Amino acid sequence: MNMQVNPQELGLDPAPLLSVAGVSRFYGERIGCAEVSFDLWPGEVLGIVGESGSGKSTLLRCLAGIDKPDEGQVLFRGGAEPLDIYSVAEQERRRLMRTAWGIVHQNPRDGLRMDVSAGGNVGERLMDNGARHYGKIRKTALDWLQRVEIAAGRIDDRPRQFSGGMQQRLQIARVLVSEPKLVFMDEPTGGLDVSVQARLLDLLRVLVRDLGLAAIIVTHDLAVARLLTDRLMVMKDGRVVEQGLTDQVLDDPQHAYTQLLTSAVLTV
Ligand SMILES: Nc1ncnc2c1ncn2[C@@H]1O[C@H](COP(=O)(O)OP(=O)(O)OP(=O)(O)O)[C@@H](O)[C@H]1O
């Protein structure tokens, strides 16, 4: 049976970092996502799974401040006061997206400046957050490149000179350097070779744990969900059909659709 998560039992802060209430987004007559509600606590990693077209990306875009939902509210408690992210001015929301949270896109080209050096890509985020000392910015950028296993000697190379896996690691460094409280990831290992995926997953797992990050990860890959997430939401036709602790959902799925998803993986 899927249980509600008790944050205190898991050693999490009592107040959720993100509270999502009744979020729906429509594309004309078509449902993108409908009536999604949940809380995310600091340091918690939530996975959103479901087959293609189930509404994962639509929901993520609503949560991350990219697309305004037609209904519902997204409350972020990153500062002194809870913030309804769609009731603040566009400029304030954009500032939040650059500082308090980060977005890792499936395609690194969407998250990187391809004509700026690797060091510049990481340094730019620091400057967005107020850093001005060139020497310190370069040193921090260098530290982060090494943390994501990019050799120091590549700091002045452009992302287009990197492999797909390196570009993704650079994107992760660019997002994490500003020490966000919350990170959104859309299929972070999609489009990469299996061996490259495994290394990237391992890196992400270590970084998320070491930094105590809260994260929301969209994936269609249940193995990725198993490795990275504490809690899972299963989506079908835009709606959440099941949610609970990741191991429980995957090992003892209650909804017929989740049973189908998990058995499809097991029979591969
Ligand atoms: N820009 C759009 N215009 C019209 N319909 C859209 C648009 N984006 C998504 N949809 C529709 O919304 C529904 C949810 O799509 P969404 O991309 O969120 O699903 P997904 O689970 O992320 O799929 P995938 O895993 O293939 O990326 C689908 O029916 C899709 O056709």
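**Close-up 1. The largest nonpolar core of the predicted model.** In this predicted model, local features need pLDDT of at least 70 and side-chain atom pairs count only at pLDDT 80 or more, while totals for chains, interfaces and linings use all residues. Residues are numbered from 1 along each chain as its sequence is written. Of the 67 residues in the largest nonpolar core, those that touch the most other members are Ile48, Leu63, Ala173, Val183, Phe184, Ala215 and Ile216. A nonpolar core is a set of buried Ala, Val, Leu, Ile, Met, Phe, Trp, Tyr and Cys residues joined through C-beta atoms within 7 Å, and a residue is buried if 20 or more other C-beta atoms lie within 10 Å of its own, exposed if 12 or fewer, and partly exposed in between, with C-beta atoms placed from the backbone. Helix 6 (residues 164–176) gives the most to this core, with six residues; helices (H or I, at least four residues) and strands (E, at least two) are DSSP runs, numbered from the N terminus.

**Close-up 2. The surroundings of valine 183.** Leaving aside neighbours within four places in sequence, valine 183 is in contact (C-beta atoms, placed from the backbone, within 7 Å) with Trp101, Gly102, Val104, Val175, Leu213 and Ala215.

**Close-up 3. The packing of helix 4 with helix 5.** Helix 4 (residues 118–128) and helix 5 (residues 134–147) pack at an angle of about 120 degrees, with their axes 9 Å apart, where axes are lines fitted to C-alpha atoms, for helices over the stretch in contact, and angles run from 0 to 180 degrees between N-to-C directions. The contact is made by Ala118, Gly119, Val122, Gly123, Leu126 and Met127 of helix 4 together with Ile137, Arg138, Thr140, Ala141, Trp144 and Leu145 of helix 5.

**Close-up 4. The buried residues of helix 4 and the residue that follows the helix.** Within helix 4, Ala118, Gly119, Asn121, Val122, Gly123, Arg125 and Leu126 are buried, and the buried residues of this helix pack against helix 5 and helix 6. Just after helix 4, glycine 130 takes a positive phi of about 105 degrees.

Close-up 5. Glutamate 35, found in strand 2 (residues 30–40), has a phi near 50 degrees, a positive value in a residue other than glycine, and with 14 C-beta neighbours inside 10 Å glutamate 35 counts as partly exposed. Glutamate 179 lies in the loop between helix 6 and strand 7 (182–186); its phi is near 50 degrees, a positive value in a residue other than glycine, and with 11 C-beta neighbours inside 10 Å glutamate 179 counts as exposed.

Methods:
Contact = placed C-beta atoms within 7 Å.
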